Amino acid sequence: MIHFFRRLRQNLLKEEKTNKYLKYAIGEIVLVVIGILIALSINNWNQSRQKSKVLNNIYRTVAEDLKNDSSEVAMVLNFMHERKAIFEKILNDSLKVQDIEENDIISSILTDIRVLNIEKRGYNLLGRFDENMVGEKDSLAFRIINFYGSSIFFAEKVETIIIDDLIKTNDRWKNQDWYANIMQNKKDVTFTNYMLTNKEFKNLCAFRYSIFYENYVPTIEQFQRGSERILEAINTRLDTN
């Protein structure tokens, strides 16, 4: 084909048909430009298709993370709800010796915690993905990044306070004679008396209650509701594609 165009060009020059040659040259340029544009269009289409494929795989990872988080959230909330009534008994001065003897949780009310470990695989992959595509062309990706960013920030802030309070409580108690027993979940009469009569124990419980039920539980529940909406949006996107 190239040889054909070359011969045709040479014949036109030899015959001094300038106008025809110019028209032919312009036509040849147009054909070349069209060919380049078609090639670029195909290349861009392939790249876009590949990016969409990668992004959908990331969405599947995010969806799997959210499903795992759902189980984790359920366990943490169950842990908190099991202890709420105990905290309220302590704060209302209605805790009895019988309660302590019949419920092993009470002795570890301030030494046992459970915090949420949010899965970040999909979130991290999404953060490293093509920023132009994520930021400008895909609202779902932008929504997911914002959701995780705010959820992780607030959850980790409260978790830092919880863990710091746990460390301080252990430091406060570790020189007490009953400390070894309660760390092994053993009953101790002295510690029982401490829980029933000492204002320090009540104050420590009041602070922990505030962290758990006024800050951490609402944060986790908000994460739970948000993750359900994100998961629904991801499933819709994958079903559409």
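Colleague: Leaving aside neighbours within four places in sequence, which residues is tyrosine 59 in contact with?

Modeller: In this predicted model, tyrosine 59 is in contact with Leu126, Asp138, Leu140, Ala141, Ile144, Ile234, Arg237 and Leu238. Contact means heavy atoms within 4.5 Å. Residues are numbered from 1 along each chain as its sequence is written, and side-chain values use heavy atoms, without hydrogens and water. As the model is predicted, local features need pLDDT of at least 70 and side-chain atom pairs count only at pLDDT 80 or more, while totals for chains, interfaces and linings use all residues.

Colleague: What makes a set of residues a nonpolar core, and which members of the largest one touch the most others?

Modeller: A nonpolar core is a set of buried Ala, Val, Leu, Ile, Met, Phe, Trp, Tyr and Cys residues joined through side-chain atoms within 4.5 Å. The largest one has 55 residues, and Tyr59, Ile144, Trp173, Phe201 and Ile234 touch the most other members. Two or more residues each come from helix 2 (18-91), helix 6 (139-173), helix 7 (179-183), helix 8 (189-197) and helix 9 (199-240). Helix 9 gives the largest share, 16 residues.

Colleague: How many helices and strands are there in the protein chain?

Modeller: Nine helices and zero strands, where helices (H or I, at least four residues) and strands (E, at least two) are DSSP runs numbered from the N terminus.

Colleague: Why is arginine 83 called buried?

Modeller: Buried means under 20% relative accessible area, exposed over 50%, and partly exposed in between (1.4 Å probe, protein chains only). Arginine 83 has 6% relative accessibility, so arginine 83 counts as buried. This residue lies in helix 2, and its side chain makes a polar contact with that of aspartate 112 at 3.5 Å. A polar contact is a pair of N or O atoms within 3.5 Å; within protein, one must be able to donate a hydrogen and the other to accept it, and residues adjacent in sequence count only if both atoms are side-chain atoms.

Colleague: Is asparagine 185 buried or exposed, and why?

Modeller: Asparagine 185 counts as exposed because its relative accessibility is 58%. Asparagine 185 sits in the loop between helix 7 and helix 8 and has a positive phi of about 60° although it is not a glycine. Most residues other than glycine have a negative phi.

Colleague: Which elements have the lowest and the highest mean pLDDT?

Modeller: Helix 5 (residues 131-137) has the lowest, 52, and helix 8 the highest, 95; pLDDT is the predictor's confidence in each residue, from 0 to 100. Where pLDDT is low, the predicted coordinates should not be read in detail.
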